[in-house]
Amino acid sequence: MPIRLLLIPILFPAFVSAASFETGAPMPVLTFQDQHDTTRTVDANTSLLIFSAEREVSALVETALADQTTDSLSAAGIQYVSDISAMPGMVTSMIALPKMRKRPYPMLLGREAEETAMLPREPGKATLIASEGGSITSVQFIGDAASLRAALGFAP
């Protein structure tokens, strides 16, 4: 049997999951723990979902959100998800989480790769998923903090 046929069952779930984030699709309900171990949910009330899957992209998002708080993000319907699954456990618990806990806004954390596997991504860019009325209206990939701030509606 050709190797291509063997890969179809493995890759098919990724294609199905990625398709759920197309314009017009309903905003899926996703549940994560934040940096304070509080359960938070991305759902139809989320207007903008920011996603980062790389350390450099997380730094970009951190810069873009530098002057934001839990209240300001909540009022705007903005949630931020970061995939930290590639980070070694000791680094996560001893270095990264203490730093994340100092941030004045919640970071929803994908601690296992499967938790964020369905979220669309491009290397070196933050993903910004906009929704209105529970339906996805756009998916953008943004590579710099100033552009992300502008897309979020924040002053430069």
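Five of the five residues of strand β3 are buried, so β3 is largely enclosed by the rest of the structure. Buried here means under 20% relative accessible area, exposed means over 50%, and partly exposed lies in between, with a 1.4 Å probe and protein chains only. This is a predicted model, in which local features need pLDDT of at least 70 and side-chain atom pairs count only at pLDDT 80 or more, while totals for chains, interfaces and linings use all residues. Residues are numbered from 1 along each chain as its sequence is written, and side-chain values use heavy atoms, with hydrogens and water left out. Strands (E, at least two residues) and helices (H or I, at least four) are DSSP runs numbered from the N terminus.

In a regular strand the side chains alternate between the two faces of the sheet. In β3, Leu48, Ile50 and Ser52 point one way, Leu49 and Phe51 point the other way, and all are buried. Two strands pair if DSSP finds at least two bridges between them. Strands β3 and β4 run parallel and are joined by five bridges; Phe51 has Val81 of β4 as its bridge partner. Strands β3 and β6 run antiparallel, with four bridges between them, and Leu48 has Ala130 of β6 as its bridge partner.

These pairings belong to an open sheet of seven strands with mixed pairing, in the order β2-β1-β5-β4-β3-β6-β7. Its edge strands, β2 (39-42) and β7 (135-142), each pair on one side only. On average, neighbouring strands of this sheet are turned by 30 degrees against each other, direction ignored. Elsewhere in the sheet, β1 (residues 30-34) pairs with β5 in the antiparallel sense over two bridges, and Gln33 stands opposite Leu109 in β5.

Two helices may be considered next. Helix α2 (residues 55-64) lies across β3 (48-52), β4 (78-83), β6 (126-132) and β7, and runs at about 140 degrees to β3. For such angles, axes are lines fitted to C-alpha atoms, for helices over the stretch in contact, and the values run from 0 to 180 degrees between N-to-C directions.

In helix α4 (residues 89-100), the buried residues are Thr92, Ala96, Leu97 and Met100. Seen down the axis of α4, these residues fall within an arc of 95 degrees, so they line one face of the helix; the arc is that of the directions from the helix axis to the C-beta atoms. An α-helix has 3.6 residues a turn, so residues three or four places apart point the same way. On the other side of α4, Met90, Met94, Ile95 and Lys99 are exposed. The cover over the buried residues of α4 includes β5 (108-110), contact being heavy atoms within 4.5 Å.

Which charged pairs occur? A search of the whole structure finds six salt bridges, each a side-chain nitrogen of Lys or Arg within 4 Å of a carboxyl oxygen of Asp or Glu. One of them joins Glu62 to Arg103, with the closest N and O atoms 2.7 Å apart. Glu62 lies in helix α2 and Arg103 in the loop between α4 and β5, so the pair ties together parts that are 41 residues apart in sequence. Glu62 is partly exposed, at a relative accessible area of 31%, whereas Arg103 is buried, at 15%. Asp34 forms another salt bridge, with Arg40, the closest N and O atoms again being 2.7 Å apart. Asp34 is buried, with a relative accessible area of 0%, and Arg40 is partly exposed, at 28%.
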